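Please consult the sequence and structure shown here before reading on.

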Amino acid sequence: MTQPAAPLLEVEDLATHFFTRAGVVKAVDGVSFALRRGEVLGLVGESGSGKSVTGYSILGLVDPPGRIVRGAIRFEGRDLTKLSPDQMKAIRGRRISMVFQDATATLNPVLTIGDQMLLAVQAHERLSGRAARALMIETLAKVGIPDPPSRVKAYPHQLSGGMRQRVAIAIALLHRPALIVADEPTTALDVSVQAQIIHEMRELVRRSDTAMIWITHDLATVSSLADHIMVMYAGKMVEAGPTRAILKNPRHPYTRGLLDSVPSRNPRGVDLPQIPGSTPSLLRLGAACAFAPRCAFATEACRTAPETVTDEAGALRCHNPAGLAA
Amino acid sequence: MSSAPTDAPIVPVEVEDESRGTAPPAPAPAPAPVSPWRAAWAEFRENRIALAALGVVVAIVAVAALAPWITPQDPYDIGNLTLRDARRPPGYVGSNGYTHWLGTDASGRDLLSAILYGLRISIQMGLMAGLTALVIGTTLGIVAAYAGGKIETAIMRVVDLQLSFPAILLALVLVALLGQGKTQLTAALVAAQYAYFARTAYGAASAERRKDYVEAALAVPLSGARLVFRHILPNVMPPLIVVATVQIASSISLEATLSFLGLGLPVTEPSLGMLIANGFQYMMSGRYWISVYPGVALIVLIVAINLVGDQIRDQFNPRLKR
Amino acid sequence: MLGFIIQRILQAALVMLAMSALVFVGVYAIGNPIDVIISPDATQDIRAQAIARYGLDRPLWEQYFVFLGNLLRGDLGRSFLFGMPVIDLILSRLPATLELTLIAVLAATLIGVPLGIYAGYRPDSPVSKTILAVSILGFSVPTFWIGLILILTFAVQLGWLPAGSRGPTRELFGIQWSFLTLEGWKHLALPALNLSLFKFAMMIRLARAGTREVMLTDTVKFARAAGISEATILRRHVLKLISIPIVTVFGLEFGSTLAFAVVTETIFSWPGVGKLIIDAINSLDRPVMVAYLVLVAALFVTINVVVDLVYALLDPRLRPGAKA
């Protein structure tokens, strides 16, 4: 893919492993991608694919026993994996923000919205009480919360689920970050609210030229939002490319499977096609392609893991891309 | 969205087996599933302190159980005692030829023997009270969880009220009302503790009750007893085990305290608390061993039990799993 | 909010009523009620007189009302041992117990909680493991044993502090307190330390467990993602979240500490309510026992109400009218 402007974020061969009692879990094992200003990347995969851990790795929030074991994360000219904890802390919330899945868990139930937002404001800026409050109200309005001044005094349980998530998004936007990592932000919400928030985020991102990584298991949600899509499986990227290309012509059998199981793509009354089997245990990955046991196109060649091949259509890691089976 | 591509369609589910024929070998077979008890034991073993504590507990229980056979002297046999041997320091060789390794007490008893017998009594009381409280409390808790309605509220109100009442006060009052003696003391200890078991069992049973499989089992009228024993109890056990360890240690401590205050077992069966109490007055004059050694034995036992209980609790706490 | 408070107080009053009935039944119906009023070694004549005078031949429910009436008037009978009205006896001893308990509990919380938070924040550090080990000792070792060791070390061997009894007192609000004198503190030191150790250990363990759990939640992760410093997270998020269980335990354990004062007071010859009850039990001074029970019940009910209220103050989800 040609990149006219210098990328904002460049992840190169990122690997994050968890050293547990039972063995080494290779949650992320060699992931690379790049993101430009204002671009939205949709990171798609099932649970256990490593998509969330990729997000945490970028923010330096990987908890022990996990650790980034190799790779580079270049952001605004610096390699985040080599920064000190203090330097990372200065970036978190200011240049890169994160939104989590369940706002009921991320917002502290015993503090008011205002108190929590204030903590986030003061983490990076020394503002006067009035200026801080003005910033908070302005940001709340930006995410579509009605009557911000009264909401600021409220407690999280007094707001609906959608409102709470909007507050979380507002906190992420306070310092106008260049990149937002959103980890399944709409999964816990009603479908109607989901659609609203996706729409609002898209507008926000376009207007402010913020880059976004939208992590999800649901291809449908990113289809309207993302400029590029990267599909992950068992800790590795299996396919990546511009959204339109991937949706129109998915090449990896897994991507195919994901797309085919989207309800809106299938005629009514017919059983939804499913990908047989389940995700492998990340403890026991061998040298073979991790998807092979579930793959309809698997051949002898799949005993060894495929390499990534990058061409104009995108990146692909597969011996037998769908449609080109021997 | 465009319709599915027309080239090589994705093979639907039924053909799975055929395609498997050409698939590469599956990844190395997963090891045989380990029973949860073995897994728990393996995890327990990793905490060396808890392991050592468990060893200590087992050792003490063994020694105490064998006390009648291994002690050099029977501390209850008044005939054996000579006042000439009283209050002697550790290492003194008594009139009957024994070496009193830990000294003697105010009546001339060999302290080592007295301590071993005392440990025996303490462990006996602790276990009896603890296990009785376990059975009573668990029954109440499970009944409350399943009976629901007024019975549930009634039982749990009483339990809650009792939980906020300090065990020692309750025991004091009961002993005062019922008089002294082994059964009375056990009753007092049980009454002071069943509430912890009841509340834990209630909490766990309630959580289980809400699970779908119970609803299903209740729909097919599965006999209540079967449901309880095969399904509920296994799930209620882990937190109960934690509470049981703590409560047994607590029983031992409570009994010792009561005995120390003179409200525990009768003088003829000196438990550790009473030994300590008897030696209190001699501490000022430097004959510390009469109180200190029984005290050390008591503490070692209680601390060891608590260490084991701590490890068990950490292991069963789902919120600490990474 | 006012309605909530009133509701709680009414509930408490109900519980008190129930407790008084229980005590009444326990003492009057089960035991021989006459033994509560007249010492058992009085002559038959005096007993008959007393039975008639105190209406003990009246039906039980009538007696209960008399009992209740007396209670509300503050008349709890006369002590066999001391011959004075029980209420006066208890009130004269109460300040000693209160000051001991309060100092012990405050010390335990103010030192124990920060230590526990540290231990929970860095659970694998050697300091944290030491703190935990010490707390296990404080938790397991029976209070009376610690008292003995304290006396042995500080009073007998080192001779720094007195081995018992209360120090000189000074008056405040019409009551005599010993913590107002320097000499008084010397006497308070050991018993307060003894009493506080158990609580101290409990507070450490509670704070540690709470902190460990909270540190793994998404709330903390999100705060970190916003770039908030660890110190601020501990201060503003963690402290507030663990304060709820801590306050609950603090309140409930206050009552328990008062109960354990019984042991400490015995060892250190501290002239408080605890020693009173032990002496009463040993000498079968029934009026004192009854009064003590009622007093303790009242105390517990009050503590429960206060804890409920503070709970609601700390956790906004529990306040009435919570849902917007």
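Is the crossing of H6(C) and H8(C) left-handed or right-handed? The crossing of these two helices is left-handed, a term used when the near helix is turned anticlockwise from the far one by less than a right angle, with right-handed meaning clockwise.

The model is predicted, and local features need pLDDT of at least 70, side-chain atom pairs count only at pLDDT 80 or more, and totals for chains, interfaces and linings use all residues. Residues are numbered from 1 along each chain as its sequence is written, chains are lettered from A and ligands numbered from 1 in the order in which they are written, and side-chain values use heavy atoms, leaving out hydrogens and water.

**Helix packing**

Two packed helices are described by the angle between their axes and the distance between the axes. Axes are lines fitted to C-alpha atoms, for helices over the stretch in contact, and angles run from 0 to 180 degrees between N-to-C directions. Helices (H or I, at least four residues) and strands (E, at least two) are DSSP runs, numbered from the N terminus.

| Helix pair | Axes come within | Crossing angle |
|---|---|---|
| H6(C) (residues 126-140) and H8(C) (residues 182-215) | 8 Å | roughly 135° |
| H11(B) (residues 272-283) and H12(B) (residues 289-316) | 7 Å | roughly 150° |

H6(C) and H8(C) are therefore oblique to each other (angles under 35 degrees count as roughly parallel, over 145 as roughly antiparallel, 65 to 115 as roughly perpendicular and the rest as oblique). Their contact (heavy atoms within 4.5 Å) includes C:Ile131 and C:Phe139 of H6(C) and C:Arg205 and C:Arg208 of H8(C). The residues of this contact divide into nine nonpolar, two polar and two charged; Ala, Val, Leu, Ile, Met, Phe, Trp, Tyr, Cys and Pro count as nonpolar, Asp, Glu, Lys and Arg as charged, and the others, Gly among them, as polar.

In chain B, H11(B) passes H12(B) in a left-handed crossing. Among the contacting residues are B:Leu275 and B:Phe280 of H11(B) and B:Pro294 and B:Leu298 of H12(B). This contact comprises nine nonpolar, three polar and no charged residues.

**Backbone details in chain A**

A cis peptide bond, with omega of about 10°, joins A:Pro64 and A:Pro65. A:Pro65 lies in the loop between helix H1 (51-59) and strand S4 (66-75) of chain A. A:Glu76, a residue other than glycine, has a positive phi near 45°, and its place is in the loop between S4 and strand S5 (78-79) of chain A.
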